[in-house]
Amino acid sequence: MLSAQLAWAQDDPKVMHYAKCELSNQDPSMDSDDVGIEGTLLFVQEEDDDLDVYGILDNGDNITPNKGKFELNYLAVREIYNFNTCQEMGRFWPEFIGFDVMGSDECALGAAKFDKMGDAIWKNKGSPASIYGDASIIGRGVSVHGCKTPLDESGAEIPVEACCQIEPISEE
């Protein structure tokens with residue numbers, strides 16, 4: 001049966017796209033013992049389908065969760081990625097490709113829930129972002145913010161806790 005499934009999968013004409021992002025805190029002013037949020041994001045997208053994103057994240061420390069349950073940190077796709085810093089990453093996706101990020105129910109990634117030990121096994125299925133095509137997020141940045149939204153009530157950006165660049169893995 002496994003052989004039949006493998007043969008069927010090889011005959012499937014759909015193309016799969018993969019990308020990754022290695023999160024780290026890149027604030028040069030931080031103490032070297034305080035690593036901040038780290039982790040890996042895996043982006044998977046079948047041609048003509050929505051993007052799925054999976055992540056394993058760690059904030060390097062125990063946390064005091066919101067209302068005793070967990071701490072939320074918003075993950076956003078950003079216009080650019082600045083090497084060696086998480087500052088000045090440009091506008092939020094999808095605004096930089098012609099959509100209003102705050103006026104839509106769709107968000108690129110959403111919020112990760114960190115447990116009391118500071119870990120988050122996270123997934124976001126059906127993201128409107130794309131690995132391929134004219135509006136590809138390859139080469140863009142991902143920012144992790146210290147709250148459940150990227151902006152506070154006044155519209156100011158909440159500080160970025162960690163960031164990374166989205167890189168292609170391979171295409172089948």
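## Two buried cysteines to start with

Cys21 and Cys164 are both buried, where buried means under 20% relative accessible area, exposed means over 50%, and partly exposed is what falls in between (1.4 Å probe, protein chains only). Before going further, a word on the source: this is a predicted model, in which local features need pLDDT of at least 70 and side-chain atom pairs count only at pLDDT 80 or more, while totals for chains, interfaces and linings use all residues. Residues are numbered from 1 along each chain as its sequence is written, and side-chain values use heavy atoms, with hydrogens and water left out.

Back to the cysteines: Cys21 and Cys164 make a disulfide with their sulfur atoms 1.7 Å apart, a disulfide being a pair of cysteine sulfur atoms within 2.5 Å. This link is right-handed, with 110° about the S-S bond. It ties together distant parts of the chain, since Cys21 sits in strand 1 and Cys164 in strand 8, 143 residues apart.

## The overall layout

The protein has 1 helix and 9 strands. Both kinds of element are DSSP runs numbered from the N terminus (helices are H or I, at least four residues; strands are E, at least two). Reading from the N terminus, the order is α-β-β-β-β-β-β-β-β-β. Of the 172 residues, 37% count as buried.

## The other disulfide

If you number the bonded cysteines in sequence order, the pairing comes out as 1-4, 2-3. Cys147 is another cysteine to look at: at 31% relative accessibility, Cys147 counts as partly exposed.

## What's packed inside

In soluble globular proteins, nonpolar side chains tend to be buried together. Here the largest nonpolar core has 26 residues, and those with the most contacts inside it are Leu41, Phe43, Leu109 and Val142. A nonpolar core is a set of buried Ala, Val, Leu, Ile, Met, Phe, Trp, Tyr and Cys residues joined through side-chain atoms within 4.5 Å. The elements giving two or more residues to this core are strand 1 (16-23), strand 2, strand 3 (51-58), strand 4 (71-78), strand 5 (110-114), strand 6 (119-127), strand 7 (141-145) and strand 8 (160-165).

Apart from that core lies another, of 5 residues, among them Cys86, Met89, Val160 and Cys163.

Which residues make the nonpolar surface patch of about 240 Å²? They are Leu42, Tyr54 and Ile169. Patches are made of residues with over 30% relative accessible area and no salt bridge, with like charges joined within 9 Å and nonpolar side chains (Val, Leu, Ile, Met, Phe, Trp, Tyr) within 5 Å. A salt bridge here is a side-chain nitrogen of Lys or Arg within 4 Å of a carboxyl oxygen of Asp or Glu, and accessible areas come from the Shrake-Rupley method with a 1.4 Å probe, where for residues only the protein chains shown count as cover.

Leu42 belongs to strand 2 (residues 38-46). At 34% relative accessibility, Leu42 counts as partly exposed.

## One aromatic pair

The structure holds 1 aromatic pair. The rings of Tyr81 and Phe83 have centres 5.4 Å apart and planes at 80°, so the pair is edge-to-face. (Rings of Phe, Tyr and Trp, the last by its six-membered ring, pair if their centres lie within 6.5 Å; planes under 30 degrees apart are stacked, over 60 edge-to-face, and the rest tilted.) Tyr81 is buried, at 13% relative accessible area, whereas Phe83 is exposed, at 58%.

## Loop residues worth a look

Asp48 has a positive phi of about 65° although it is not a glycine. Asp48 lies in the loop between strand 2 and strand 3, and is exposed at 70% relative accessibility. Glu88 also has a positive phi, near 50°, without being a glycine. Glu88 sits in the loop between strand 4 and strand 5 and is exposed, with a relative accessible area of 73%.
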